[in-house]
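Student: Please show the sequence and the model, and then take me through part of the fold.

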Amino acid sequence: MAKGNKKAMTSFLEGLKAIHLGSPDAEKEEAAVNHVSVLLFRIGGEPYAIGVESTEGVVDCPRISPLPSPPDGIVGVASIRGKITVVMDLSLGSAQPEDRRRLILLRGDAQLGLLADRVEGVLSLTPRQVRSSGTRRQDAQSEASAGSELWPSQNYFKSEGREVPIIDTSRLAEV
Amino acid sequence: MIDDKALLSEYLSESEELLESLLADLDSLGAQPDHDPDINLINRIFRTVHSLKGLSGMMGLVEVQSLAHEFEDILEELRLGQISLDRDNTAIFQEVGSGLAALVGGAARGSAAYEDYDRFRELLASVAGKSRARARGSENEIDSLGLSAQERDQLREDEKYRISVNLKAGRLFYLVSVQFDLESLTTKYNGLASKLESSGERITTFSEKTKEPALIGFRLLFATPLKESEVKKLVEPFGGRVSRIGRSPWRRAGEALKVVGRKQRAKQSSEKRGAEAKASTVLPTSFAQESLHPVSSSVRVELSQVDELSGLAHELAIETQHLSSMADRFLIAAGFGARERFDLRLSARRLEREFLELEERLVELRMVSMAQTFTRAARLAGRLARDLGKSISVEVSGRETQLDKMIVDRIADPIYHILRNAIDHGVEPPDVRKKARKNPRGKIRIEASLEGSRVVIAVCDDGRGINPSEVYDRAVSIGAAPVDEELKDEDVLRLIFRPGFSTLDRISEVSGRGVGLDAVERAIHELGGEVRVSSELGKGSRFEMAVPSTLVMISAFIVRVGDLRYAINVGQIKELLYAGREEIMGRDGKRNIEYRDSKIPLIELRYLLGLGGARVFDPTDEAAARATGPLSPSPVGRQREPAGLAGSAANRVPVLITRSGERHVAIAVEQFDEQREIIVKSLGSLGPRFKGVVGAVDLEGGDVALVLDLPSLLLIRSLRM
């Protein structure tokens, strides 16, 4: 991991710790067994998370062959360890230069890989930190505009006052 | 009884092949001369029956196995010349051959025909009986040598056979009597024997009583074309006596008369036997029909034929789409309402789906089970273990797992390779295992299982396991591992797939020189699969090869657009040619080209793929000139050699002609690359949603070329317009 990434990662994690420490009573109730491990990464500078159990690994993204008239979110295919991987890019174009991108390989028959500018690491969340966006939609109707509709995530958690969506891979495959 | 259907059908198709060649060979046996049949033919028949025996044994078909076994015994006698190949025997062999076919067929239907089985055994026994009679016949010949009763009893069957062979060859028989003392016995005896053998055949040696207790006497039976005086000369240095035995020319004439008489008697008795055999073997009708019918209900079809059919089904599906969109336009033009258009679309969609299903079912025809490969692998493992002085038991599971025929063929070598490693490097020798308190007998498991759309083939052993620190050290020493980076054990294990890797300094004869696992991984990657390894020190290792269960290999032409390459099935290319820029008429999206005296539309592949607008076909345009650069096209079936290519390459545009419905369409690319066989890899479960693309192929340098489907690309474009 590059140094710059490490720094960003640290500040990101500190932010998370802050919320965590901010609610000590919640901590008592939750048994460690219920923790959810998520992989943290950034797309277009924005933080996202994905359940670790639905990933297969992270690799540097090789050259992508674009698909003709692909569905939204899909940019093309790349060969990862001899397997053709369908590359998804949720950044809508505002991404890192090509050679710096990482590809998060997802489990499943869809052979999907998710482009990320940067992968921060794995974080353990308590079930209470994970919130459903069903409620979010009601609080912040205005936010559910063009962009957020695209995100295949139902759950999120809060970090530094920001909502970090937890991407649901079963929905990704339905693009 | 065979319960497993897939296994049964495989058994049937393999035994059918054997039976076919057996019956054909038995037929040509009938045309052979009695006395001097083609030994290669007999050997081949022997081997076929032997394979059939093994195969039936493997399937637990006891009747077929034991009949084949008895047949094999008789054939062995035939090979040794103990049975002659007369017309009767040939007929019986042919009948037993079709009997085997009937039994295999019966086993396939689950109705073993026991009476038939017994009858065939009787037939074989009658041949064996005759051979005993025959042996008695040669007793008569041996009589003519005038040996003592005691000596005759000492003759073994093979010696009797040698006697009759030499008699037939007209050689002379001698008894050479010698006496040696104990001290010089070995050298003298050997000296005499080799002397005799240099000019004839020493058939056997009898012991002889001597008056002197210090001497040991022998009588050697010797057959040779040499005259008595010559033999005496040979034996002289050894102080032996020589006596000629057997027929004088006068006795030979008498013998000849006897032989004629015997032959006539034999003929009579064999005619009688033939009549008996006919009476007792009226075939049950079902059986008689059976021998005419093929044993299994399967037919053999070339894979390429299946591929052609599935390709055709695919085209039909696309054509249906095309037709439906056209019909839709007509309906609108004719003023039909939404209801009619909906109905039309519905039934067109249904038709398309059915064609696609047809395609899928045809692709499934390529699937075979792992049974055969696994059986061979298990056998090979047993043999390897023996060779290496190790004791193992092999367990196999998932034989019924289905895989594309081509993958099964290509995965065999990797499986054997990993198996060899497991036995050679994984499983410890029995004494080491005992010390480690393990069962001295190692265990190897070979499994196949499904994992989504992939098949995972695993080879596991309970051997010493792979030591990550040894692997790491070794990898560092060959420069295959980063020194400063910390690796997880999992990643360290993957280093064994690096070229030139081998943890053992000892180079084993079996596993080669550590050129292996990288080759294994490459082979599996080529199939679109991956190799995984896990290991626990002291407990064993597990290698998994995950491969797609289906794949399609096509002959494709690679073209370039910009810096991207695309593969196109040559079946979709009618012709490749270079069009001069001046030949391209019209502007922008509406270009035409003259092809076979008519104007056909010319579309740029770049545009079809949504990669940007049309080029300007102007000779002065530098980018275009560069894109068409120096050209070196490879031949494609119907390629027309472009005239004056070398001179004005930059002025010419590579164009491929394809068909869209009834019309030809020219598609302009930026460079022709080459034609090659490619394995089309699946794009996963989302694949069908990516229009105009049927898969992808790995190219050198980690690049990927999409395999285009020109008809659907053209269709998408026509729908867009």
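Student: What is the strand order of the open sheet of four strands in chain B?

Tutor: This is a predicted model, in which local features need pLDDT of at least 70, side-chain atom pairs count only at pLDDT 80 or more, and totals for chains, interfaces and linings use all residues. Residues are numbered from 1 along each chain as its sequence is written, and chains are lettered from A and ligands numbered from 1 in the order in which they are written. Strands are DSSP runs of E of at least two residues, helices runs of H or I of at least four, numbered from the N terminus, and two strands pair if DSSP finds at least two bridges between them. The pairing is antiparallel and the order in chain B is β2-β3-β1-β4.

Student: Which strands of chain B stand at the edges?

Tutor: An edge strand has a single partner, so one side of it is left without a neighbour in the sheet. In chain B these are β2 (201-208) and β4 (241-245).

Student: Which residue in β4(B) stands opposite B:V176?

Tutor: Strand β1 (residues 172-181) of chain B runs antiparallel to β4(B), joined by five bridges. Opposite B:V176 stands B:V242.

Student: Is B:V231 buried or exposed?

Tutor: B:V231 is in helix α9 (residues 228-235) of chain B. A residue is buried if 20 or more other C-beta atoms, placed from the backbone, lie within 10 Å of its own, exposed if 12 or fewer, and partly exposed in between. For B:V231 there are 22 within 10 Å, so B:V231 is buried.
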